[in-house]
Amino acid sequence: MTYVLPDLPYDYSALEPHYQAENLELHHSKHHAAYVAGANTTLERLEDARAAQDYSGLVGLEKTLAFNVSGHVLHSLFWNNLSPDGGGQPEGELAAAIDEHFGSFDALRAQLSQAAVLVQGSGWGALAFEPLSRRLMVEQIYDHHANLVHGAVPLLVFDVWEHAYYLQYHNVRADFVNALWEVVNWPDVAARFARAQTAALA
Ligand code: MN
């Protein structure tokens, strides 16, 4: 298997009350697991297509690959972006870059929150580093793999699919997004920012 479901870096109850254990367990053990299985199955089907030299189903397989691999990547990032010791604000170089590119932490928080809350249907809000301009940007991602800036490295992602929050927050997506800010693992985001700056696109 190319892709494996990672363990969470904390217990299912560790993020309570911000993230209810039952909702988090379903999200990780069922939803994330389905993307992992889907990614592996799609790679096998592509191998079969190459062996048979039958590309009649290729368009669907490429879409399914992008959907499932992107879902796996974003969920793997999301779990590590959260921590029972999280919350507050970033420090150091990340804080300085946020001030430079958004004006203030509060401005970033407002834009990223709204990007997440205003997703039509299923998607994500993301803070990303774009290597050509070396700027931080907020992305509004549809499903797991649409509306992306190519090559931008996601640093902090908020899952706003209904499966992420409906059990605990029902229809009030904004309350879930506000709760996520209380458990953001800023040292993790800062470490991703430091690594992203070594990326070169052109
Ligand atoms: Mn999800």
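Tyr166 is partly exposed, at a relative accessible area of 38%; that class sits between buried (under 20%) and exposed (over 50%), using a 1.4 Å probe and protein chains only. We're working on a predicted model, where local features need pLDDT of at least 70, side-chain atom pairs count only at pLDDT 80 or more, and totals for chains, interfaces and linings use all residues. Residues are numbered from 1 along each chain as its sequence is written, and side-chain values use heavy atoms, with hydrogens and water left out.

**Exercise 1.** Classify the ring pair of Tyr165 and Tyr166.

*Solution.* Step one: rings of Phe, Tyr and Trp (its six-membered ring) pair if their centres lie within 6.5 Å; planes under 30 degrees apart are stacked, over 60 edge-to-face, the rest tilted. Step two: the Tyr165 and Tyr166 centres are 6.2 Å apart with planes at 40°, so call the pair tilted. Step three: check burial; Tyr165, at 3% relative accessibility, is buried. Ring pairs also join both tyrosines with Tyr19, Tyr169 and Phe176 in a cluster.

**Exercise 2.** Find what coordinates the manganese ion.

*Solution.* Start with donors: N, O and S atoms within 2.8 Å of the metal (3.2 Å for Na, K and Ca); water is not among the atoms, so sites may look incomplete. That picks out His27 (NE2), His75 (NE2), Asp159 (OD) and His163 (NE2), at 1.9 to 2.1 Å. Next, read off their spacing along the chain: H-x47-H-x83-D-x3-H. Last, look at burial: His27 and His75 are both buried.
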